[in-house]
Amino acid sequence: MTGELRGLTAREFGRPFFPLPEADSTNRWLKERGGGLPHGAVCYTGRQTAGRGRMGRDWVAPDGKALALSLLVKPAAHSALLAPVCGLAAARALSGLAGEGFAVKWPNDIVCSGRKVCGILCETCWPDARGFSVAGIGVNLRQTEEELRRAGIPQAASVEMLTGRRLTLEETAAALLNELEPLWLRLEREGFAALREEYEARCATVGREVRVLDPGGALRLEGRAVGVAEDGSLLVETPDGMVPVRAGEVSVRGMAGHLY
Ligand code: BTN
């Protein structure tokens, strides 16, 4: 079943739009159907039973209190920059809906008051030479502190917990897509260089002492994050000089083990 998303002003993103009563993973749902759907197709649900996170982790959102949304982007060009652009769009959208204070933790988590409220997982498929990307965005909207603790993610938070704003799935989805479409079009025309300054301004990681860990948790390097390069890499000043850190299979932590 397809529908019309209220509040959607984007011309291509969100058309068509599939509101799902439940899905194991919206990314999986869209990857399975992506070959036969147009660029811009979106599905979302408030009940995602087997959500996928970065680095093989789970993403828990079973109870209708979190938005799980996936967007189809064709072709699969610029796929490495889709996630940071989604991060920028989510920081803008949540700040617009619930008040400033939502920032990007490099490369593409969204944090507020030092806690993660939104995660992004972009995946690329190559059923043909053009390929396609699926951008998955998960936003904690209304969970309580206790619910997140019971789900085993006490470091996470919801928009309502932090701001008192009770956002609906629909208004959040529309705001995300309305912000994302013009950013994506600009990236396609001008490259990430055109978005770099705003990304850096909204990036809570820049200016902090950080540790860069590999997927096994081993320390790769530590230093001060001083900026973001035109290819989206985090620039870390270390005793041995400036090191560009590429997104992917690394995680960045603050020095006290704190989130960013
Ligand atoms: C992370 O921070 O680890 C990324 C989490 C991404 C979760 C979203 S929810 C919508 C989409 N569907 C999925 O299965 N995962 C992404």
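## Asparagine 108

Asparagine 108 lies in the loop between β6 (102–105) and β7 (109–112). Helices and strands here are DSSP runs, numbered from the N terminus: H or I of at least four residues for helices, E of at least two for strands. Asparagine 108 counts as buried because its relative accessibility is 5%. Buried means under 20% relative accessible area, exposed means over 50%, and partly exposed is in between (1.4 Å probe, protein chains only). The side chain of asparagine 108 reaches the backbone oxygen of isoleucine 120 at 3.3 Å.

This is a predicted model: local features need pLDDT of at least 70, side-chain atom pairs count only at pLDDT 80 or more, and totals for chains, interfaces and linings use all residues. Residues are numbered from 1 along each chain as its sequence is written, and side-chain values use heavy atoms, with hydrogens and water left out.

Threonine 238 lies in strand β12 (residues 234–238). Threonine 238 is buried, with a relative accessible area of 14%. A polar atom of its side chain lies 2.7 Å from the backbone oxygen of glycine 241.

Valine 139 is found in strand β9. At 0% relative accessibility, valine 139 counts as buried. Valine 139 and arginine 150 are eleven residues apart in sequence. In space, their C-alpha atoms are 18 Å apart.

## Ligand contacts

Which residues are closest to the ligand? They are Ser25, Thr26, Arg52, Arg54 and Lys116, among 20 residues that surround the ligand. A residue counts here if one of its heavy atoms lies within 4 Å of the molecule.

A polar side-chain atom of lysine 116 lies 2.6 Å from an oxygen atom of the ligand. A backbone N or O atom of arginine 54 lies 2.7 Å from an oxygen atom of the ligand. A polar backbone atom of asparagine 27 is 3.4 Å from a nitrogen atom of the ligand. Taken alone, the ligand exposes 420 Å², and the protein buries 99% of that. These areas come from the Shrake-Rupley method with a 1.4 Å probe.

## The shell around the ligand

The elements that give two or more residues to the shell are α1 (26–33), β3 (48–52), β5 (66–73), β8 (115–125) and β9 (132–140). β8 gives the most, with four residues.

By class, the shell has six nonpolar, ten polar and four charged residues. Ala, Val, Leu, Ile, Met, Phe, Trp, Tyr, Cys and Pro count as nonpolar; Asp, Glu, Lys and Arg count as charged; the others, Gly among them, count as polar.

Methods
Polar contact = N/O pair within 3.5 Å; in protein donor to acceptor, adjacent residues only side chain to side chain.
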